[in-house]
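Q: Could you walk me through how to read a model like this one? I would like the general idea behind each feature and then the case at hand.

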Amino acid sequence: MRKIIIIGFDGLSYSKIIKYNCKELTLKEFGQININDFSKLITPTIWGSFITGKQQKFPSLTKMIPIKGKEKKDRILKIVQKIYPQTIDLRNRATAYPKLYDKEDLEGETIFDKFKSISIKVPGYDELQCTIPPYVITNFKCFSEEYYLDEVNKNIWWRLKKLKEANKLKNIELIMVHFHKWDLLQHLYFNNKKKEAELYKEANAIAKKLNNMFQHEKLLFLSDHGLDKGIHTYDAFYSSNFISFKKQPKITDFYKKIINT
Ligand SMILES: [Zn+2]
């Protein structure tokens, strides 16, 4: 049986994949996803909607859990320290702990309930997303850009390694991995077209690797939204060798296609 492999490229734009001629990202069917039902384009909300086929209602990237009492504060700060080891200033100033949305917050079953599956850091589903948000750099100046890039790249290689390991396991029917780099760095580089071109070139190179690795499997690449001048846009893409739609799909239309494949 062919496995289903889903690769989330956060923040890659349909129109820029065409603009930068990213051939490896355009499989048998390539198109734009309709995400117009979302009044705000928030990453875990859109991915949560993709994996459930139901439009989720997370109001922001994270929910803020107020820190109350010393014992609780110490416990939470320990967790924050573990995730962001260098945010000492931020930790001392913290009055609330940001918690990312995860499967506890989702409404409905997910594609992961329907198959013997593995999810690797899917926003809105998995617990921790260890990449540091760019606002930590721009607002708090806790890290250098160099340190940040190193962290983001380490994260990519870690996720690719997990994907390879998952692929070796027996009887796995579905694997989904999420790559956050393209969202994070397009925010960081804002309107730098040279950096943008490099980011798309790199996404294309990774897609090439994945196309080789999974040439005999069912493959779906997609993004949750596009990005332009540092702002999320309604320009999400999908690309697949096994899914086809008669008209432009909504992000919630993929669920049925995937579970019925
Ligand atoms: Zn996103």
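A: What covers the buried residues of α9 includes β1 (4-9), α1 (14-19), α8 (181-189) and β7 (218-222). Helices (H or I, at least four residues) and strands (E, at least two) are DSSP runs numbered from the N terminus. This is a predicted model, where local features need pLDDT of at least 70 and side-chain atom pairs count only at pLDDT 80 or more, while totals for chains, interfaces and linings use all residues. Residues are numbered from 1 along each chain as its sequence is written.

Q: Which residues of α9 are buried?

A: A residue is buried if 20 or more other C-beta atoms lie within 10 Å of its own, exposed if 12 or fewer, and partly exposed in between, with C-beta atoms placed from the backbone. In α9 the buried ones are Glu196, Leu199, Tyr200, Ala203, Ala207 and Leu210. They cover an arc of only 95° around the axis, which puts them on the same side of α9; the arc is that of the directions from the helix axis to the C-beta atoms. On the other side of α9, the exposed residues are Lys194, Lys201, Ala205, Lys209 and Asn212.

Q: What does Ala203 touch?

A: Two residues are in contact if their C-beta atoms, placed from the backbone, lie within 7 Å. Leaving aside residues up to four places away in sequence, Ala203 touches Phe9, Leu12, Cys22, Leu25 and Trp182. Ala203 is also among the residues with the most contacts inside the largest nonpolar core, together with Phe221 and Phe237; that core has 48 residues. A nonpolar core is a set of buried Ala, Val, Leu, Ile, Met, Phe, Trp, Tyr and Cys residues joined through C-beta atoms within 7 Å.

Q: Where is Asn171 found, and what is its phi?

A: Most residues other than glycine have a negative phi. Asn171 has a positive phi of about 65°, and lies in the loop between α7 (145-168) and β6 (174-179). Asn171 is exposed, with 7 other C-beta atoms within 10 Å.

Q: What is the mean pLDDT of the chain?

A: pLDDT is the predictor's confidence in each residue, from 0 to 100. The chain has a mean of 87, and 80% of its residues reach 70 or more. Over residues 87-91 the pLDDT is below 50, although this stretch has 11 contacts in the model beyond near neighbours in sequence. Where pLDDT is low, the predicted coordinates should not be read in detail.
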